[in-house]
Amino acid sequence: MSALHPTHGKYSDCSGCSLCLLVCPVWREHRDLCLTPHGHAKALQQGIITEEMATNTLSCSLCMACLPVCPENLDIVEMILNLRRQLKVPDGQRERLLSMNSTPTTLPLTSCSTLLLPDLALQAAPRILSRTLDLLQIRQAADDGADIALALESATTIPELRLQQFLAPLRSLKKIIVAEGLLLRQLRRWLPATKIIGLGEALSSQENVRRNLRANDLYVIEPRAYHADYSRLVKYYDRLRTIHHCAFNLDLQRIAIPATVRNLQQRLGLAEPDDAAQTRWVLQGRQIDRIVVENLEDRAAFAAVCDIPVLHLAELAT
Ligand code: SF4
Ligand code: SF4
């Protein structure tokens, strides 16, 4: 198993080893090879036209769990997004996504060195958002980039003017804390000199948060941010586990298994999520007293299927 960052993105390099199936929540849910990286690669190697394959990529939740497992170091997520770009989407859907920008200028611009980019779930939970900002002693970015995150999700081209408007106030920052893992991954490419970390890492680094972790907790890592920085974070969470002895949603040599499995329509809020089977699978066989999540979507998904208390990291602080 490779701990290297994915280096290239050609389906012709896929050896057909099937290792990606072992960690893929879409494979676990559908048992349909056509919906997996292995299936995409084999079909394209056999000359299936890309538009047909692009439709199959809509079920991918972009959890990135297949990235560290691929022995060919294929950037499977980038390949899936490339295929999605070739999709014929319904008239106006991509334009509607780009008009979904939530609040580009409702907050005053500040001269901070660190800012938080919350995701839509965190924006919808003002109490936890406010607690998060207090704990980290930082401000929220005036432009949350919600439309940029949605455009990344659907592989929609972002107008250059809008992109530069979003990036301009971020360029002077020393550090950005990002709640949405796909946006975090792309921001690292856009702003390579800036320190960019996920919200889970930022909160779990706080002493008044981590000292309240217990041995009988299940700590659920947000998989996108984790896999986007796998080589470093695998060591970070190993240390957390050694110190606090809690269980993690890590499987198969420390791949973070997602608690939700959402296709593109569900991710974009255009269809109801159906996470129960995946969430129950993550809980299966565990003896735990409490669930601690980095991501608010996971909090709702666990609360819907069990009576075990579920807390967001920000709620752990004393
Ligand atoms: S990103 Fe996740 S859902 Fe998509 S192919 Fe990889 S493991 Fe499966
Ligand atoms: S793990 Fe990589 S090489 Fe193996 S089948 Fe999946 S995409 Fe192909």
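Start by selecting ligand 1: helix 2 (25-30) and helix 5 (76-84) each give at least two residues to the shell around ligand 1. Helices here are DSSP runs of H or I with at least four residues, strands are runs of E with at least two, and both are numbered from the N terminus. You are looking at a predicted model, where local features need pLDDT of at least 70 and side-chain atom pairs count only at pLDDT 80 or more, while totals for chains, interfaces and linings use all residues. Residues are numbered from 1 along each chain as its sequence is written, and chains are lettered from A and ligands numbered from 1 in the order in which they are written.

Stay on ligand 1 and show its 15 surrounding residues; C24, C60, C63, A65 and C66 are the closest. A residue counts as near a molecule or strand if its C-beta atom, placed from the backbone, lies within 6 Å of it. Colour the shell around ligand 1 by type and you get 13 nonpolar residues, two polar and no charged. (Nonpolar covers Ala, Val, Leu, Ile, Met, Phe, Trp, Tyr, Cys and Pro; charged covers Asp, Glu, Lys and Arg; the others, Gly among them, are polar.)

Now hop to ligand 2. Which residues come nearest to ligand 2? Pick C14, C17, C20, H38 and C70, out of the 15 around it. Helix 1 (19-23) and helix 3 (37-45) are the elements giving two or more residues to this shell, and helix 3 has the largest share, with three. The shell around ligand 2 splits into 10 nonpolar, four polar and one charged.

Select the four strands of an open sheet, ordered 6-5-9-10 with parallel pairing; two strands pair if DSSP finds at least two bridges between them. Strand 6 (247-248) and strand 10 (310-312) are at the edges with a single partner strand each, so one side of each has no neighbour in the sheet. Zoom in on strand 9 (residues 290-293), which pairs with strand 10 in the parallel sense over three bridges. There, V292 sits opposite L311 in strand 10.

Contact means C-beta atoms, placed from the backbone, within 7 Å.

On to helix 17 (residues 276-283), whose buried residues are Q278, T279 and V282. Look down its axis: those buried residues fall within an arc of 95 degrees, so they line one face of the helix. (The arc is taken from the directions from the helix axis to the C-beta atoms.) Buried means 20 or more other C-beta atoms within 10 Å of a residue's own, exposed means 12 or fewer, and partly exposed is in between, with C-beta atoms placed from the backbone. The exposed A276 and A277 are on the face turned away from the buried side, and the cover over the buried residues includes helix 2 and helix 18.

Last stop: helix 9 (residues 146-153). Six of its eight residues are buried, so helix 9 is largely enclosed by the rest of the structure. Just after helix 9, A155 takes a positive phi of about 55 degrees. T156 is in the loop between helix 9 and helix 10 (160-167). Buried or partly exposed? T156 has 19 C-beta neighbours inside 10 Å, so it counts as partly exposed.

Definitions and conventions. Contact = placed C-beta atoms within 7 Å.
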